[in-house]
Amino acid sequence: MSILSESPVFVSGEVARKVFTWSEAIESLRATYSLPEQAGATPPRTVATVGKAWLRTLPALPPGGQYFGAKLMGTGVQGVSSGIDYVIVLFDRETSRIAAFLDANSITAFRTAATSALALDVLAPKTPARLAVLGSGLEASHHARAFAAIRTLTDVVVYSPTPERRAAFAEGITRDLGVSARPASSAQEAVDGADIVLSAARSQGEKPILFGDWLKPGATVVSIGSTIPQQREIDASVVERSDLIICDSLEEVLTETGDMMAAQAAGMSFHDKSFSLNDLVRGACDERVRTADIRMFKSVGGGLQDIVVAELLVRKALEAGLATPLPIQFESKR
């Protein structure tokens with residue numbers, strides 16, 4: 001069967017995991033965030049809902065890339081119990097044609113952790129560090145591995161509510177990264193003395209799981225678990241104690257996440273110490289990074305990160321001969 005040259009390709013989740021590397025993803029994101037922001041390139045995510053059914057879209061036209069596109073995810077009348085499919089659609093800037101479809105389930109976790117690692121690489125002192133991890137799920141696991149790509153980890157201490165899960169997490173870190181790791185019996189015990197604190201799990205009941213007075217001087221916090229108004233992860237005291245707050249999507253983090261909404265309701269002022277990841281990578285916050293004691297990166301995720309990592313994976317899959325050509329062609333409206 002012949003494949004038309006303008007036919008799109010498909011990159012499966014298996015292929016994405018096979019060709020993905022943390023260092024390449026982090027550097028691809030660094031290259032993108034080092035370019036000036038372009039108005040309209042990264043509009044806010046949208047969510048359509050009816051009953052249990054919902055559809056979320058995250059579009060982006062990254063500067064400097066060959067592709068632009070959007071990630072879509074959704075679920076039907078059965079709700080999340082029936083599973084959630086993720087897909088990224090890429091358009092080629094030169095031809096305007098649909099170039100690729102990617103299974104984006106793994107890519108979502110990859111891009112979130114790689115973006116956090118990029119922020120951490122600029123924010124945290126370039127010295128060996130002890131990592132505290134709150135959470136033992138996929139996002140926590142990927143973040144620990146992404147952080148190991150940009151910093152030497154002296155040891156890792158993990159807390160999550162289920163003893164078996166945190167023990168398995170610690171075993172996996174030692175096995176895969178060759179880093180000493182152990183479970184802790186409480187979140188405070190895990191955070192005690194940590195140079196880097198990853199908060200990657202919301203508590204049951206949407207109550208904070210990390211408090212400001214637990215942090216040692218000079219600590220860097222990464223918080224990824226509160227992305228909508230209804231979700232809580234860090235206490236307002238963490239916001240108050242942070243001298244510098246970097247956000248991957250400044251407006252969404254400050255106005256649409258439960259943690260920051262709670263801090264504002266408590267009367268805290270944080271807008272004057274909050275900046276975008278673009279500002280951080282472009283050097284606009286260098287003096288604040290140098291003088292800040294507690295630094296925090298807070299993420300809601302974004303379409304820009306999806307498209308940048310998707311482009312990297314399409315290129316690598318094509319080079320490796322692992323992208324699947326699709327025997328289809330779209331009719332263009334002219």
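**Notebook: a loop, a sheet and some helices**

I began at Ser-96, which sits in the loop between β5 (85-92) and β6 (98-103). The model I am reading is predicted. I looked up the backbone there: Ser-96 has a positive phi of about 65°, although it is not a glycine. Is Ser-96 buried or exposed? Its relative accessibility is 52%, and exposed means over 50%, so Ser-96 counts as exposed.

Next I turned to the sheet. I traced 8 strands in an open sheet, and the pairing is parallel. I noted the order as β9-β8-β7-β10-β11-β14-β12-β13. The edge strands are β9 and β13 (274-276), and each of them pairs on one side only.

I checked two of the pairings by residue. Strand β7 (residues 129-134) pairs with strand β10 (residues 196-199) in the parallel sense, over 4 bridges. Within this pair I found Ala-132 with Val-197 in β10 as its bridge partner. α5 packs on the sheet and touches β7, β8 and β9. The direction of α5 makes about 180° with that of β9.

I found Asp-155 opposite Ser-180 in β9. How does the chain get from β8 to β9? It crosses through helix α5 (residues 163-177), and this β-α-β crossover is right-handed.

Then I looked at helix α4 (residues 138-148). How many of its 11 residues are buried? I noted 8, so α4 is largely enclosed by the rest of the structure. The buried residues in α4 are Ala-140, Ser-141, His-142, His-143, Ala-144, Arg-145, Ala-146 and Phe-147.

Last, I looked up a helix pair. Helix α2 (residues 22-33) packs with helix α12 (residues 303-319) at an angle of about 125°. Their axes are 10 Å apart. α2 and α12 are therefore oblique to each other. α2 passes α12 in a right-handed crossing. Which residues meet here? From α2 I listed Glu-24, Ala-25, Ser-28, Leu-29, Thr-32 and Tyr-33. They meet Leu-304, Gln-305, Val-308, Val-309, Leu-312 and Lys-316 in α12.

Note on methods. Residues numbered from 1 in each chain as written. Predicted model: local features only at pLDDT ≥ 70, side-chain atom pairs only at ≥ 80, totals over all residues. Heavy atoms only, no water. Buried < 20%, exposed > 50% of the residue type's maximum accessible area, 1.4 Å probe, protein only. Helix = DSSP H or I, 4+ residues; strand = E, 2+ residues; numbered from the N terminus. Pairing = 2+ DSSP bridges. Right-handed = clockwise from strand over helix to strand, strands pointing away. Axes fitted to C-alpha atoms, helices over the stretch in contact; angles between N-to-C directions. Parallel < 35°, antiparallel > 145°, perpendicular 65-115°, else oblique. Left-handed = near helix turned anticlockwise from the far one by under 90°. Contact = heavy atoms within 4.5 Å.
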